[in-house]
Amino acid sequence: MLPLKEVIVLLSIIYGITSVSLKNEEARNNTQRNLRRFPPNFLFGVATSSYQIEGAWNEGGKGWSMWDHLMRTDPDHMADGKTGDIAANSYHLYKRDIEMMKELGVKIYRFSISWPRILPFGRPDYVNPEGVAYYNNLINELLANDITPFVTIYHWELPQNLNEQGGWLTENIVDWLGDYARVLFQNFGDRVKHWLTINEPYIHCNNGYGRGNHPPRIQSPGIAFYECGRNILLAHARAYHIYKEEFAFQGGQIAIVISSDMGMPSDDSESSAEAVEDYRAFYVGQYMDPIFSANGNYPQRLIDRVANASASQGLSQSRLRPFTQEQIDYIRGTSDFLALNHYTSKYVYRNSSIIGTFQVPSHQDDAFVGTYVDPSWTQGGTWLFTYAPGLYKLLVHLKERYNNPTIYVTENGFGDWATGLIDENRVAYLRGYTNAVLDAIDAGVDIRGYCSWSLMDNFEWAAGFTLRFGLYEVDFEDPNRTRRPRKAALVYKEIIRSRVIDPNYNPDPYLEDSNSSAIVVKTSALFILVSAIIHKLL
Ligand code: PNW
């Protein structure tokens with residue numbers, strides 16, 4: 001039996017600890033009471049994509065994507081010589097992923113389906129039952145945990161044999177993508193009500209067919225780049241029409257995912273204003289106007305600039321192949337909302353200093369604008385600079401230019417080379433950009449949700465595992481691919497719980513990470529120490 005005085009000591013210690021933590025909680029709630037709130041129906045989420053997290057590249061009957069092919073034939077171009085063969089191993093660890101989403105309290109999980117996992121040869125004459133089973137399990141587990149799936153149909157995993165038949169450079173892909181999308185609607189549409197057709201046409205076409213740093217590694221920024229974008233718009237529209245014509249009874253929504261940096265004039269000169277308009281026409285309008293503008297089709301200034309440049313290069317036709325009126329009508333209005341990916345901003349200008357700086361022909365030369373970033377913006381990876389007001393400005397701009405579309409931010413996040421759980425730059429980024437969303441809500445933007453990129457560290461394409469975007473850190477050296485919450489995960493969790501952004505909340509991921517066992521150890525050590533002292537004194 002414990003002596004009475006020690007019981008008293010124990011009780012007072014417990015009392016002390018709980019009252020301190022209750023006081024902290026109360027103080028936090030008091031400060032938070034006066035902060036701006038996210039509306040009750042605003043949805044927070046996290047995003048990933050299949051090749052970047054799943055691994056299991058040759059398991060479960062999966063076919064090869066053009067990434068698998070590149071990894072087998074030319075892995076050397078990767079930043080760190082690594083492949084996505086195992087990645088974060090989510091094919092096997094998806095239940096842990098969902099546990100993390102529960103910890104965060106998110107209501108949306110945006111993930112993508114691997115085309116060759118469902119259709120190993122790309123076409124629906126053979127549907128892989130193990131692939132279907134994997135996504136059924138994932139979707140069912142999400143729904144059982146009250147998390148809404150937002151499913152990307154195509155996040156850059158083109159089946160290799162379709163790549164060999166021309167990939168995004170042939171109009172056949174309109175049939176290929178449409179038929180694949182139909183298989184997804186048939187198998188998952190009873191439970192999935194938010195479909196995202198294609199991720200980031202600009203980034204995909206520029207990396208795969210312009211710069212050539214992603215498969216199929218074609219370097220044709222003035223020709224193939226435009227063909228890719230054109231076929232993506234047609235294929236997206238096909239998937240949309242299939243859904244509306246054959247699966248309307250499922251009652252879901254379907255949208256395209258557009259990436260956009262915020263381009264801002266570098267000064268108030270006429271030339272900067274013109275340059276910004278061209279920048280937006282080339283990098284956003286090329287994909288948005290055909291779908292979201294009142295009349296459809298490419299922006300006129302895009303059409304004119306590429307036509308003029310092509311003519312001056314001695315070509316008989318524009319490198320930007322025009323749409324027929326039928327195609328314009330087929331594409332226009334084919335997105336139930338705008339799924340927006342946004343990371344960074346740029347100042348845009350045009351003066352004689354940029355003459356001769358671009359490859360000819362290229363879309364950079366066609367657009368003919370220069371860009372720079374403010375040196376005070378915190379840099380993440382090579383292209384990412386933190387400027388949170390840019391998201392606010394972009395949302396307001398899109399509202400005005402495209403007649404107030406419903407918007408979900410489907411990707412936003414901070415990536416850099418740092419490892420470890422203390423990620424102050426990511427925390428500052430998260431607070432700044434979610435605050436920009438609050439500003440946009442106040443300005444009347446119809447924004448319904450926000451997904452952080454990414455739930456966890458993953459295979460960052462050509463940067464391999466060197467660039468980390470995770471709210472959770474993944475140990476890629478560990479066969480178990482152990483995941484641990486970073487500080488930003490805990491800050492996000494508190495934003496989601498309280499629905500305010502509390503600048504003073506300062507959690508310690510190393511304490512939280514040890515599952516409170518550290519606290520138990522510390523408390524019992526303290527207890528033994530104090531009771532020993534009291535024992536001596538009394
Ligand atoms: C997105 N840029 O790509 C992709 O959708 C994700 O798969 C990727 O992991 C994430 O952003 C982080 O990179 C982008 O250069 C790639 O501006 C590059 C840029 C933007 C988005």
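Sorted by class, the shell around the ligand holds seven nonpolar, three polar and four charged residues (Asp, Glu, Lys and Arg count as charged, Ala, Val, Leu, Ile, Met, Phe, Trp, Tyr, Cys and Pro as nonpolar, and the others, Gly among them, as polar). The model is a predicted one, where local features need pLDDT of at least 70, side-chain atom pairs count only at pLDDT 80 or more, and totals for chains, interfaces and linings use all residues. Residues are numbered from 1 along each chain as its sequence is written, and side-chain values use heavy atoms, with hydrogens and water left out.

Of the 14 residues around the ligand, the ones that come nearest are Gln-52, His-155, Glu-411, Glu-460 and Trp-461; a residue is near if one of its heavy atoms lies within 4 Å of the molecule. Polar contacts, pairs of N or O atoms within 3.5 Å, turn up here too. The side chain of Gln-52 has an N or O atom 2.8 Å from an oxygen atom of the ligand, and a polar side-chain atom of Trp-461 is also 2.8 Å from a ligand oxygen. For Glu-200, the side-chain N or O atom is 3.0 Å from an oxygen atom of the ligand. On its own the ligand has 450 Å² of accessible area, and the protein covers 90% of that (Shrake-Rupley method, 1.4 Å probe).

A disulfide is a covalent bond between the sulfur atoms of two cysteines. The count comes to one disulfide, taking sulfur atoms within 2.5 Å as a pair. Cys-205 and Cys-228 form it, with their sulfur atoms 2.0 Å apart. The torsion about their S-S bond is about -75 degrees, so the disulfide is left-handed.

Methods
Polar contact = N/O pair within 3.5 Å; in protein donor to acceptor, adjacent residues only side chain to side chain.
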